[in-house]
Structures are given as structure tokens and as C-alpha cells.
Amino acid sequence: IIRDRFEVKPGAIGEKDGLEIMASEAVAFSDMGATFSYDLSGGTIYSYSSEGRIIDHEKIISPIPRHCFFEWNYIASPKSTIDGLGVLSVRRALGERLAKELKINADFVSYIPESPKDAAEAFSQKVGLPFVETFYKIKAERSFQGSTQKERETSIGKNRFLIPEIANGGFLRQKKGIWSDDSFVRGTVGKRA
């Protein structure tokens with residue numbers, strides 16, 4: 001096993017039934033009844049024995065940590081811990097930081113499901129605006145995984161909807177809202193919303 005020198009992708013070692021196991025995120029261990037041991041070091045190769053124990057590790061290049069925004073804000077599970085930092089805590093800190101930098105007159109704060117929820121809640125608390133759930137997803141699929149733009153747009157169209165009480169109850173009329181969106185690269189999710 002090797003972790004890249006920039007530590008862009010997480011990696012962790014855990015233990016279950018006397019065996020050392022590896023996963024990309026520590027949350028995988030708790031989900032399967034294993035215990036987290038430690039994070040992999042960047043630029044290091046770990047060798048396993050056939051008995052499921054790490055028998056050697058060698059640093060082949062010095063680590064230069066460069067964490068990826070998308071890993072923290074979108075890809076990683078909010079229940080996970082990466083290099084000692086809780087993903088949920090990082091997402092909330094992003095929302096609080098945005099509240100310090102962004103000054104917008106609005107009536108409420110919301111998000112476009114699912115990853116930006118924690119940042120939007122922290123933002124709303126920091127600026128003192130109500131947090132209102134406005135959209136929902138039917139499936140946990142991620143539209144960016146479609147191989148074509150058409151597939152991505154189809155996924156978004158079949159999977160993101162206004163909550164009926166919001167859509168039909170007139171809540172949005174004459175109101176200004178702030179929506180947190182994590183899919184700003186192509187802009188297809190925000191356009192649909």
C-alpha cells in the first residue's frame with residue numbers, strides 16, 4: 001500500500017479479528033466493526049504479510065501535504081476523520097469562514113443536497129439566519145460520476161426536487177435565500193435548482 005506524497009487521498013490502517021486492514025477512510029472501520037489504528041504517511045510504502053500484518057514500511061519520498069478541497073467538502077464521509085481532523089468539523093468551519101467573508105442580505109439559508117448541508121447550517125448559525133431545508137434527493141448517487149454531460153444532467157433531473165411544502169406552500173415567494181452548492185465546477189446542479 002502507498003499513500004501519495006501530497007496526501008491528497010486519505011488512507012488509514014485499522015484492525016479486525018487480529019488482522020491489520022486498510023481503507024481509504026477511517027469511517028470504513030467503524031462501519032464494519034473494526035478499530036482505527038493510524039493514518040498512512042504520505043510518500044510511504046507499507047508491505048503486508050500473507051497473515052494480514054504489516055511487516056515493513058519505507059518512506060520513499062518526503063511528504064508535502066496538500067489536501068484537496070473536494071475530498072473534504074464533497075467526497076469524504078462526514079463521519080470520517082482524515083489525518084486527525086473530523087470531516088464534519090472541517091465542513092462546518094468552511095461555513096463559518098464563509099459567513100465572515102460573505103455579506104448578503106437574505107431571509108434564510110439552505111443547501112442543494114447533500115454534502116453542503118453542514119457548511120450551510122454553520123453559515124446560518126454564524127449570520128443568524130434561519131436554516132431551511134428546501135431540496136431533497138431520492139438516491140445517494142453523485143451526478144458527477146456520469147460519463148457524459150447528458151448522463152450527469154439526467155441524474156440531476158431525476159434526483160433533486162423541491163420539498164413539496166416549499167414548492168407548493170409559497171414559502172419562497174418574495175424571499176431571498178442563500179443556497180450552498182458543492183457542484184460549482186460544471187454548474188449543472190445549481191442551474192437545475
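This is a predicted model: local features need pLDDT of at least 70, side-chain atom pairs count only at pLDDT 80 or more; totals for chains, interfaces and linings use all residues.

Q174 sits in the loop that runs between α6 (164-168) and β12 (177-180). Phi of Q174 comes out positive, about 60°, and Q174 is not a glycine. Is Q174 buried or exposed? Q174 counts as exposed, since its relative accessibility is 82%.

D17 gave me another one: its phi is near 50°, again positive in a residue other than glycine. I found D17 in the loop between β2 (12-16) and β3 (19-23). With 70% relative accessibility, D17 counts as exposed.

I then went through the peptide bonds. The one joining P113 and E114 is cis, with omega about 15°. E114 belongs to the loop between β9 and α4.

**Whole chain**

I stepped back for the overall numbers. The protein chain has seven helices and 12 strands. Of its 193 residues, 35% are buried. The chain exposes about 11100 Å², and carbon and sulfur atoms supply 54% of that. I also checked contacts between residues at least 6 apart in sequence: 56% of them join residues at least 24 apart.

**Cores and α4**

Which residues make up the largest nonpolar core? I got seven: A99, A106, V109, Y111, A120, F123 and I178. β9 (108-111) and α4 (117-127) are the elements that give two or more residues to this core. Another core lies apart from it, with six residues, among them A12, A23, A26 and F29.

Leaving out neighbours within four places in sequence, A99 contacts F123, K126 and V127.

Next I walked along α4. Its buried residues include D118, A119, A120, A122, F123 and S124. What do the buried residues of α4 pack against? They pack against α3 (87-101), β9 and β12. After α4 comes G128, with a positive phi near 75°.

**Sheet and surface patch**

I traced an open sheet of three strands, in the order β1-β5-β6, with antiparallel pairing. β1 (2-3) and β6 are the edge strands, and each has a single partner, so one side of each has no neighbour in the sheet. Two bridges join β1 to β5 (residues 44-48). Within this pairing, I2 stands opposite I45 in β5.

I2 and I45 turned up again on the surface: together with I60 and I61 they form a nonpolar patch, with about 320 Å² of accessible area together. I60 is in the loop between β6 (54-59) and α2 (69-75). I60 counts as partly exposed, because its relative accessibility is 45%.

**Salt bridges**

How many salt bridges does the structure hold? I counted five and wrote up some of them.

E71 pairs with K9, and their closest N and O atoms are 2.7 Å apart. E71 is in helix α2 and K9 in the loop between β1 and β2, so this pair ties together parts 62 residues apart in sequence. I listed what E71 touches, not counting residues up to four places away in sequence: V8, K9, P10, E25, A76 and I82.

R97 and E101 meet in a salt bridge at 2.6 Å, N to O. Both are in helix α3, four residues apart, about one turn of the helix. An α-helix has 3.6 residues a turn, so residues three or four places apart point the same way. R97 counts as exposed, with 52% relative accessibility, and E101 counts as exposed too, at 52%.

E133 bridges to K117, with the closest N and O atoms 3.1 Å apart. E133 lies in the loop between α4 and β10 (135-137) and K117 in helix α4, so the pair ties together parts 16 residues apart in sequence. E133 is partly exposed at 32% relative accessibility, and K117 is partly exposed at 23%.

Notes:
Residues are numbered from 1 along each chain as its sequence is written. Side-chain values use heavy atoms; hydrogens and water are left out. Buried means under 20% relative accessible area, exposed over 50%, partly exposed in between (1.4 Å probe, protein chains only). Contact means heavy atoms within 4.5 Å. Accessible areas come from the Shrake-Rupley method with a 1.4 Å probe; for residues, only the protein chains shown count as cover. Patches are made of residues with over 30% relative accessible area and no salt bridge: like charges are joined within 9 Å, nonpolar side chains (Val, Leu, Ile, Met, Phe, Trp, Tyr) within 5 Å. A salt bridge is a side-chain nitrogen of Lys or Arg within 4 Å of a carboxyl oxygen of Asp or Glu. A nonpolar core is a set of buried Ala, Val, Leu, Ile, Met, Phe, Trp, Tyr and Cys residues joined through side-chain atoms within 4.5 Å. Two strands pair if DSSP finds at least two bridges between them.
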